[in-house]
Amino acid sequence: MKTIRIMIFLAAVVAYASTSSAQQYATRLMDNEQQIESIIAGMSLEEKIAMLHGKNMFSSEGIPRLGIADMEYADGPFGIREEMEPHSWNSLHLTNDSATFFPTGSALAATWSVEWAYAYGQGMGREARMRGKDMILGPAINIQRIPTGGRTYEYLSEDPLLSGALAVAYTRGTQDNGTAVCLKHYALNNQEDYRGFVDVHVSDRAMHEIYLRPFEMAIREADAWGVMAAYNKVNGRWCSENEQLLNTILRKQWGFPGMVISDWGGVHSTVDAVTAGMNVEMPGNRYMGQALLDSVRAGKVSEDVINQRVREILRVRMVVKPITKEQANQQPVGNPEEMNIALEVARRSIVLLKNDGLLPIDTRRVKNIVVVGENAVTTMAQGGVGAGVKTRREITPLEGLQTILGNQVKITYVQGYKGFDRQSRGKRQSPQQEADRHLLAEAVKAAKKADLVVFFAGDNREVETEGSDRKSITLPSGQDELAKALAQANNRMVTVVVSGGPVDVTTVNETSGALVASWFNGSMGGQALAEVFTGKISPSGKLPMSWPKKLEDVPAYATNSYPQTIDNNNQGDIFVGLVNNESNERRQQLVANYAEEGLVGYRWYDSKHVAVAYPFGYGLSFAQFRYGDMEIKPTVEGFDVSFTIANTSSVDAEEVAQVYVSRPQSHIERPLKELKGFKRVALKGGERKTIVIPIRRIDLCHWDEAAQTWMMEPGKIKVCVGGSSDSLPLSSETEIN
């Protein structure tokens with residue numbers, strides 16, 4: 001038995017070595033080593049230390065004497081933030097610092113398109129350059145562990161392969177345009193409540209297979225140049241001084257040669273942080289300024305360590321061409337090219353969850369539409385805490401419908417409910433709110449006269465916000481009560497859920513003839529939605545996360561590992577405290593025990609046989625597709641899965657084909673199935689195509705905790721193909737060795 005295990009181990013190491021070398025993306029960061037060594041040799045210790053902390057709120061020091069520019073950082077991952085005062089969070093109120101509001105992370109992920117993720121990164125990179133920025137603080141690629149997470153809208157998916165593939169494309173698109181990315185938040189920043197002092201306890205296997213995999217893919221396959229250390233602890237150590245995360249995994253295992261910056265206010269030490277691999281403390285110099293200089297002079301930190309940290313910064317600085325202050329913000333940003341990217345992503349992100357024939361709108365029958373709900377007119381580029389975009393243009397859903405349907409249909413808007421604003425945000429703690437009686441009565445009266453009611457439900461950017469998690473997934477502002485009243489007044493109702501993550505759709509599912517998820521969908525989101533509603537394009541988005549029936553079904557809630565309890569709740573959020581000039585010291589440490597291990601999202605629901613409202617990968621179309629003719633062919637990198645998709649309708653449409661694998665004979669604990677490949681396919685009405693999706697060996701490996709490497713377990717693999725995780729009409733078996 002021991003001999004067999006040794007043979008399997010050796011085969012796995014060889015397989016992984018060949019795969020990892022094939023996937024390693026050539027880095028540009030090592031192209032200037034000789035010049036960098038010369039620069040470091042001519043620097044004073046004080047100049048070196050000056051590079052290792054913030055100069056102002058969004059920049060860190062260069063080497064002025066040598067003509068090496070400061071590093072300029074751009075917040076955030078879905079649009080370039082407006083210019084801020086140097087040492088505060090106050091806007092400079094300029095007129096030339098607008099940007100495109102790209103659809104947020106969950107919307108991008110709903111496209112399941114690496115091609116449009118690349119274009120998205122290109123657009124972000126171009127606008128960053130025009131605004132004089134060197135590094136984008138994004139993409140945000142933490143796994144969506146809980147649907148209530150305050151930054152679920154920023155993050156991509158509950159699945160590491162989908163998140164990783166999109167992160168790779170976003171990274172390449174951005175850096176191909178000369179701007180560095182900063183992957184965030186490394187690592188396991190999967191909640192906003194107590195993020196500044198929670199200690200995540202997680203097994204090595206779950207950490208590598210689920211939570212670190214998107215970061216590894218973006219670094220090894222796209223040469224990401226920057227990484228942001230998260231606020232939380234992992235297995236007892238702050239991410240900003242975590243030897244395992246920053247040195248062992250990031251730099252040694254993955255070969256990362258770039259720079260690590262802290263989340264704002266996320267550094268807690270001097271010696272431990274700089275020796276563990278932290279390059280830049282942002283935005284101040286509490287630990288890596290004078291305290292670090294003193295530590296070097298006292299012999300507590302070697303100057304060789306300082307040189308290495310400076311070297312890693314200079315590698316990035318040398319490949320990112322600086323933009324002078326005089327050159328920056330000279331051209332208008334938010335131009336047609338970038339706006340078109342935002343539109344194309346939004347078009348492909350919209351998910352049709354249910355349709356009893358109300359969509360697309362038949363204007364021969366529908367002459368009077370009543371649009372209900374504040375989300376029809378609410379802009380989502382800004383709001384809440386954290387990243388926002390001062391965009392020149394944001395088409396709301398109501399504007400989109402009026403533009404496309406205005407000459408054919410009478411459209412009446414009624415408010416229906418009052419959404420949460422910054423002052424009332426705290427009231428959302430209650431899972432249920434009563435509907436406003438006056439607004440409800442007004443909406444019902446209008447609905448009775450309409451041929452079609454379009455109800456815009458969901459959250460806004462004050463409900464979903466950095467710094468705090470939602471306390472429930474119940475629709476806010478009495479929307480369920482309003483939905484019931486509207487349905488009684490008119491049985492022809494379409495509900496649009498505007499949100500960054502899952503909500504409880506039990507009521508709106510029952511009361512609506514059609515149900516649509518439209519996300520925080522960027523500057524052109526209203527136009528994209530109107531195009532879907534009118535049938536100009538067929539909906540083709542797929543859910544990048546499961547939508548549970550109730551919060552208690554979510555694995556982190558079912559295992560009682562979230563939410564954590566705290567003795568007193570006067571220890572505010574670390575970032576909010578930074579903005580308000582409060583101390584970031586945390587008196588109580590909380591533990592987040594990831595008891596579900598690797599069974600995140602659909603992996604849990606499948607394995608525990610828990611029914612969901614809508615499954616991972618789900619999304620309807622105005623077309624119908626038929627899958628057939630499946631074949632599996634071995635390749636050097638793994639195997640190719642080929643099959644045909646036929647569009648059996650007369651409607652031109654796009655479909656996202658998905659490949660899942662299962663290992664029923666595995667000796668290792670595994671979920672019932674896991675996503676291992678996908679591809680977006682455009683098909684004209686009546687067209688049939690043969691599709692080939694490569695499945696890589698590295699994506700079939702598991703993390704072996706004893707060997708501390710990826711391992712391949714040989715044996716039979718069942719391969720399933722279809723249009724969502726619960727609709728997989730094709731299946732076949734193959735062997736992997």
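Start with the largest nonpolar core. A nonpolar core here is a set of buried Ala, Val, Leu, Ile, Met, Phe, Trp, Tyr and Cys residues joined through side-chain atoms within 4.5 Å. Buried means under 20% relative accessible area, with a 1.4 Å probe and protein chains only. This core has 165 residues, and Y186, W264, I369 and F533 touch the most other members. Now select helix α6, residues 160-175: with eight residues, α6 gives the most to this core.

Before moving on, note that the model is predicted: local features need pLDDT of at least 70, side-chain atom pairs count only at pLDDT 80 or more, and totals for chains, interfaces and linings use all residues. Residues are numbered from 1 along each chain as its sequence is written, and side-chain values use heavy atoms, with hydrogens and water left out.

Next, Y186. Contact means heavy atoms within 4.5 Å. Leaving aside residues up to four places away in sequence, Y186 touches L212, F215, V227, M228, A229, A230, C239, L245, L246, I249, L250 and W254.

Go to M259, in strand β10 (residues 259-262). Helices (H or I, at least four residues) and strands (E, at least two) are DSSP runs, numbered from the N terminus. M259 counts as buried because its relative accessibility is 0%. Among the residues it touches, beyond four places in sequence, are M71, Y73, M135, W225, V227, N279 and I313. Draw a distance to V227: it sits 32 residues from M259 along the chain, yet their C-alpha atoms are separated by 6.5 Å.

Select α18, residues 525-533. Eight of the nine residues in α18 are buried. They are G525, G526, A528, L529, A530, E531, V532 and F533. Show the cover next: it includes α13 (336-349), α14 (397-405), β14 (452-458), β15 (493-498) and β16 (514-517).

Zoom out to the whole chain. The secondary structure comes to 21 helices and 28 strands. The C-alpha trace spans about 80 × 65 × 50 Å along its principal axes. Of the 737 residues, 67% are buried. Take the contacts between residues at least 6 apart in sequence: 79% join residues at least 24 apart.

Technical notes: Buried < 20%, exposed > 50% of the residue type's maximum accessible area, 1.4 Å probe, protein only.
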